[in-house]
Amino acid sequence: FGGKSKMAAGYESGPEDYEQVAYIQRLKAAVHYTVGQICDEAGEENGVTFSKQVIAAMSEATMKQSGEFAVFLELFARHGKRTVVNADDVKLVAARSRPLELHISQMADSLAAEREKKKSKKTKKATAPHNNSDAENDDSNM
């Protein structure tokens with residue numbers, strides 16, 4: 001996110017570079033919008049307003065932190081000889097911040113419980129007997 005672009009490094013730009021830059025700009029705009037919405041909500045609840053500069057700084061910090069998290073998540077997955085990032089990787093990244101770690105752990109536990117609940121519902125449906133009467137299934141009555 002925050003590294004030098006290929007254009008700044010002296011490379012020629014192609015359509016892929018333009019698409020990548022456009023994608024990052026859209027992503028930054030979405031993050032900026034979301035941070036603004038969160039600040040508006042928090043401001044209404046607490047009777048304060050956030051300046052455009054503060055929202056922009058928070059948006060930039062969010063983008064930078066997200067990029068750092070992505071790098072660490074990839075490293076943790078690779079260390080575990082996996083190509084897919086899992087919840088344990090997220091918990092490891094979150095361990096740097098105790099409140100974030102607690103929040104992520106609660107979310108992971110909640111998602112695991114929800115998955116288990118859906119799994120048990122599926123097994124109950126699969127093992128439940130069908131309530132069709134013999135008269136409905138007996139073709140000899142015709």
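These are my notebook entries on a predicted model of a protein.

**Entry 1. Conventions**

I number residues from 1 along each chain as its sequence is written, and side-chain values use heavy atoms, with hydrogens and water left out. For this predicted model, local features need pLDDT of at least 70, side-chain atom pairs count only at pLDDT 80 or more, and totals for chains, interfaces and linings use all residues.

**Entry 2. Overall composition**

I looked up the secondary structure and found 5 helices and 0 strands. Helices (H or I, at least four residues) and strands (E, at least two) are DSSP runs, numbered from the N terminus. The order from the N terminus is α-α-α-α-α.

I then checked burial: of the 142 residues in the protein, 13% are buried. Buried stands for under 20% relative accessible area, exposed for over 50%, and partly exposed for values in between (1.4 Å probe, protein chains only). The protein exposes about 12,100 Å², and 56% of that is supplied by carbon and sulfur atoms. Accessible areas come from the Shrake-Rupley method with a 1.4 Å probe; for residues, only the protein chains shown count as cover.

I also looked up contacts (heavy atoms within 4.5 Å). Among those between residues at least 6 apart in sequence, 33% join residues at least 24 apart.

**Entry 3. Helix α1**

I traced α1 over residues 15-46, which is 32 residues. Its span from first C-alpha to last is 46 Å, close to the 46 Å expected at 1.5 Å a residue; the expected span is 1.5 Å times one less than the number of residues. I list its buried residues as Asp17, Ala22, Val31, Val35, Gly36, Cys39 and Gly43. What covers them includes α2 (52-79). After α1 comes Gly47, with a positive phi near 70 degrees.

**Entry 4. α1 against α2**

I recorded a packing angle of about 125 degrees for α1 and α2, with axes 9 Å apart. Axes are lines fitted to C-alpha atoms, for helices over the stretch in contact, and angles run from 0 to 180 degrees between N-to-C directions. The two helices α1 and α2 are therefore oblique to each other. Angles under 35 degrees count as roughly parallel, over 145 as roughly antiparallel, 65 to 115 as roughly perpendicular, and the rest as oblique.

I note that the α1 and α2 crossing is right-handed. A crossing is left-handed if the near helix is turned anticlockwise from the far one by less than a right angle, and right-handed if clockwise. On the α1 side the contact is made by Leu27, Lys28, Val31, His32, Val35, Gly36 and Cys39, and on the α2 side by Ile55, Ala56, Met58, Ser59, Glu60, Thr62 and Met63.

**Entry 5. Ser59**

Ser59 is buried, with a relative accessible area of 6%. Not counting residues up to four places away in sequence, Ser59 touches Val31, His32 and Val35. Ser59 and Tyr33 lie 26 residues apart in sequence, and 8.6 Å apart in space, C-alpha to C-alpha.

**Entry 6. From α2 to α3**

I located Lys81 in the loop between α2 and α3. Lys81 has a positive phi near 60 degrees in a residue other than glycine. Lys81 is exposed, with a relative accessible area of 76%.

I recorded an angle of about 130 degrees between α2 and helix α3 (residues 87-94), with axes 9 Å apart. That makes α2 oblique to α3. The crossing of α2 and α3 is right-handed. Phe69, Phe72, Leu73, Phe76 and Ala77 of α2 make the contact with Asp89, Val90, Leu92 and Val93 of α3.
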